[in-house]
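Here is a short report on charged pairs, aromatic rings and a surface patch. Have the sequence at hand as you read.

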Amino acid sequence: MENSEGVKIESTVVTEEPLISALDIAPFIVIITVAYFWYFKRDKQSSSSEKKPYTIQPSSLSSIEQTSNSSFIKKLKSTGRSLVVFYGSQTGTAEEFAGRIAKEGARYKMKGMVADPEECDMADLVEMKEIQKSLAIFCIATYGEGDPTDNAMDFYEWLQNGDADLEGLNYAVFGLGNKTYEHYNEIAIYIDQRLEELGATRVHEIGLGDDDANIEDDFVSWKEKLWESVCSHYGIEETGEESNIRQYKLVDCSEVLPERIFSGEISRLKSYENQRFPFDVKNPYLSKIAVNRELHKSGDRSCMHIEFDIDGSKMRYDTGDHVAVYPKNSSELVDKIGELLNADLDAVFSLLNTDEESSKKHPFPCPCTYRTALTYYLDITSNPRTHIMKELIEYASDPKDQEKLKLMASSTPEGKKEFHEWILRDNRNIVHILEDLPSVKPDLDHLCELLPRLQCRYYSISSSPKVYPKSIHITAVLVNYTTSTNRVSKGVATNLLAQLIPTNDELPQPTIPIYIRRSQFRLPPKSQTPIIMIGPGTGLAPFRGFIQERDYARKEGREIGEMVLYFGCRKKDEDFIYENELQEYVANGTLTKLHLAFSRDQPEKKYVTHLLEQNADELWNIIGEKSGHLYVCGDARSMAKDVHSIIVKVVMEKGQMTNSQALNYVKKMEQQKRYSADVWS
């Protein structure tokens with residue numbers, strides 16, 4: 001959502017026309033004004049080049065801290081840089097990778113900078129050839145069903161619609177994707193090919209990172225070969241410098257007034273006390289939890305039905321959209337870090353970028369306390385990447401701990417194996433590393449610089465705005481399990497949500513920051529169009545909203561098409577969520593058919609895919625003969641792939657097509673938005 005601009009139109013009164021009209025005078029006024037502004041602006045810029053004393057001001061990742069100059073070329077030229085690394089990032093990983101590449105550029109005599117394409121005039125790429133030995137690198141994630149990330153959308157469209165001459169531009173691309181999704185690294189592949197079509201020179205082959213496997217390993221392997229290609233292309237040699245250069249410097253903010261200190265806000269200071277519409281990724285809405293109830297009837301697992309109150313927020317959502325929830329880390333883990341590092345978590349500090357030209361002045365909203373940073377801004381529960389292992393080496397006083405960190409930071413087969421087993425397989429986070437390598441005592445400010453940002457979590461909305469315009473519903477499984485090191489691993493968002501239980505009306509209700517993310521997962525425009533919904537487990541969530549919306553239309557007297565739902569869970573008497581609701585929709589005719597698979601209620605496991613294979617005639621009748629829509633929601637790794645294979649097989653057999661024809665038919669369904677998937681891995 002963006003702010004709209006109002007245009008004020010003033011009325012005029014017609015009088016007797018003077019000898020020299022306003023139209024004659026206007027051009028002269030404009031010329032004089034422009035000349036005056038140009039002269040004094042130039043003088044101001046000249047005088048401002050002198051170094052000014054630094055003062056700490058509350059700041060964040062919002063647009064107010066970004067430079068008004070969108071020309072990255074001017075920045076490169078004015079600071080003597082030749083390397084720019086652009087990132088297209090939805091969760092922060094691509095931005096992190098971009099920063100690591102830019103930092104390493106110094107080892108190859110290429111001073112680098114990181115740039116957000118959303119904040120740059122990407123048409124300036126045509127001028128890269130004016131900078132000697134210049135290089136543009138793109139770390140680009142593919143998001144959703146083959147879409148660009150939000151901050152790379154404009155750049156992607158510019159490449160699609162433009163025909164700029166990029167001859168002389170040297171480039172390389174690393175893509176971030178997930179092989180369980182059909183459109184694996186589609187955006188990065190397109191950008192790599194399109195840049196070449198426009199005349200640019202590929203310095204190194206594209207790298208494709210797979211987040212379903214080990215994207216860190218993919219990135220490190222590609223990066224090492226990238227620098228080999230760079231050295232060969234430009235005829236340069238590595239300086240051999242391995243020193244860890246800090247990107248941010250610590251600033252003591254103990255004298256800053258309390259009202260100027262961030263306390264968990266995402267962007268604007270005091271934004272939770274003074275809420276302003278519109279609400280988005282940088283300005284979430286602090287929503288009350290209206291309902292939080294258990295959906296499972298028994299068993300040792302938990303599935304929550306949660307309703308966020310949005311009454312009075314002006315927020316609007318459509319059926320099929322997602323809601324983003326901003327979590328916070330548990331106080332237990334935060335306190336543990338303070339204990340392990342013997343640090344004062346309530347000290348107020350700021351991290352200031354040592355690169356004065358960078359638009360990103362701070363890694364997170366500053367100034368704040370260490371406790372705030374570790375609670376709201378930093379990811380302390382995910383598996384740290386290899387570059388963090390490398391940075392921790394200098395803080396290890398025990399030679400054994402040093403060697404272990406060096407091994408895991410290396411790109412040798414032995415090092416990769418150790419990192420995979422000790423970090424990934426055993427699911428260690430930074431707290432576990434500090435516990436298990438007791439001699440490692442990093443400076444807390446450096447650790448805050450190294451750790452990635454804590455990201456919001458997305459959930460499919462399980463309600464219809466037609467029925468629930470003042471609330472947003474989600475369906476979330478509580479993540480809580482024991483790892484191989486006998487530690488309990490808890491989902492950051494779901495464990496926080498589990499604690500937010502509404503109380504009686506006399507007490508303040510629990511709140512959590514949220515915003516709405518638009519989706520392409522939509523019901524057909526016509527309510528008469530028949531649909532098939534396939535959603536085992538919490539994959540049922542968006543379909544609950546679909547059914548509510550069609551039920552609302554039916555009650556209004558409108559004709560609705562067939563609605564067929566395939567739902568599966570482990571046991572009918574344990575985790576059959578929303579059972580009563582679904583049975584009621586079947587009874588009133590909104591839900592035409594409800595196919596159920598309870599995998600563990602009989603000796604042989606039974607899944608929704610088995611039911612799909614048994615109902616080939618029904619499937620073809622709806623998607624083939626009636627041109628209906630098919631929707632899949634849930635696990636991308638196995639379920640969604642199996643469903644796709646079954647649909648292709650049904651089209652082959654019932655549509656009397658060859659395998660190639662069936663694949664093309666299903667592909668056309670996807671292009672026409674008749675086959676949609678909302679999946680995760």
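Glu95 counts as partly exposed because its relative accessibility is 22%. Accessible areas come from the Shrake-Rupley method with a 1.4 Å probe, and for residues only the protein chains shown count as cover.

This is a predicted model, in which local features need pLDDT of at least 70 and side-chain atom pairs count only at pLDDT 80 or more, while totals for chains, interfaces and linings use all residues. Residues are numbered from 1 along each chain as its sequence is written, and side-chain values use heavy atoms, with hydrogens and water left out.

**Salt bridges**

Side chains of opposite charge can pair when their charged atoms come close. A salt bridge is a side-chain nitrogen of Lys or Arg within 4 Å of a carboxyl oxygen of Asp or Glu. By this rule the structure has 42 salt bridges. Three of them are set out here.

| Salt bridge | Closest N and O atoms |
|---|---|
| Glu95 and Lys360 | 2.8 Å |
| Asp335 and Arg371 | 2.8 Å |
| Arg425 and Asp426 | 3.3 Å |

Take the bridge of Glu95 and Lys360. This pair links distant parts of the chain, 265 residues apart: Glu95 is in helix α3, and Lys360 is in the loop between β12 and β13 (368-369). Helices (H or I, at least four residues) and strands (E, at least two) are DSSP runs, numbered from the N terminus. Lys360 is partly exposed, with a relative accessible area of 23%.

Next come Asp335 and Arg371, also a salt bridge. Asp335 is in helix α7 (residues 331-340) and Arg371 in helix α8, 36 residues apart. Asp335 is partly exposed at 37% relative accessibility. Arg371 is partly exposed at 31%.

Asp426 is buried, at 9%. Salt bridges that share partners join Lys336, Glu339, Arg425, Asp426, Arg428, Glu435, Asp436 and Arg487 into one network.

**Aromatic pairs**

A pair of aromatic rings is described by the distance of the centres and the angle of the planes. Rings of Phe, Tyr and Trp (its six-membered ring) pair if their centres lie within 6.5 Å; planes under 30 degrees apart count as stacked, over 60 as edge-to-face and the rest as tilted. The structure holds 25 aromatic pairs.

Phe97 and Phe219 are stacked, because their ring centres are 3.9 Å apart and their planes lie at 5°. Phe97 is in helix α3 (residues 93-104) and Phe219 in helix α6 (residues 215-234), 122 residues apart. Both Phe97 and Phe219 are buried.

Phe349 and Tyr370 also have ring centres 3.9 Å apart, with planes at 10°, so this pair is stacked. Phe349 lies in strand β12 (residues 348-353) and Tyr370 in helix α8 (residues 370-377), so the pair ties together parts 21 residues apart in sequence. Phe349 is buried, at 2% relative accessibility. Tyr370 is buried too, at 10%.

Ring pairs also link Phe72, Phe86, Phe138, Phe155 and Trp158 into a cluster.

**A charged patch**

Which residues form a negative surface patch? They are Glu118, Asp150, Asp154 and Glu157. Patch residues have over 30% relative accessible area and no salt bridge, and like charges are joined within 9 Å. Asp150 is in the loop between β4 (147-148) and α4 (153-161). Asp150 is partly exposed, at 47% relative accessibility.

Key
Patches are made of residues with over 30% relative accessible area and no salt bridge: like charges are joined within 9 Å, nonpolar side chains (Val, Leu, Ile, Met, Phe, Trp, Tyr) within 5 Å. Lys and Arg count as positive and Asp and Glu as negative; His and the chain ends are not counted. The place of a charge is taken as NZ of Lys, CZ of Arg, CG of Asp or CD of Glu. Buried means under 20% relative accessible area, exposed over 50%, partly exposed in between (1.4 Å probe, protein chains only).
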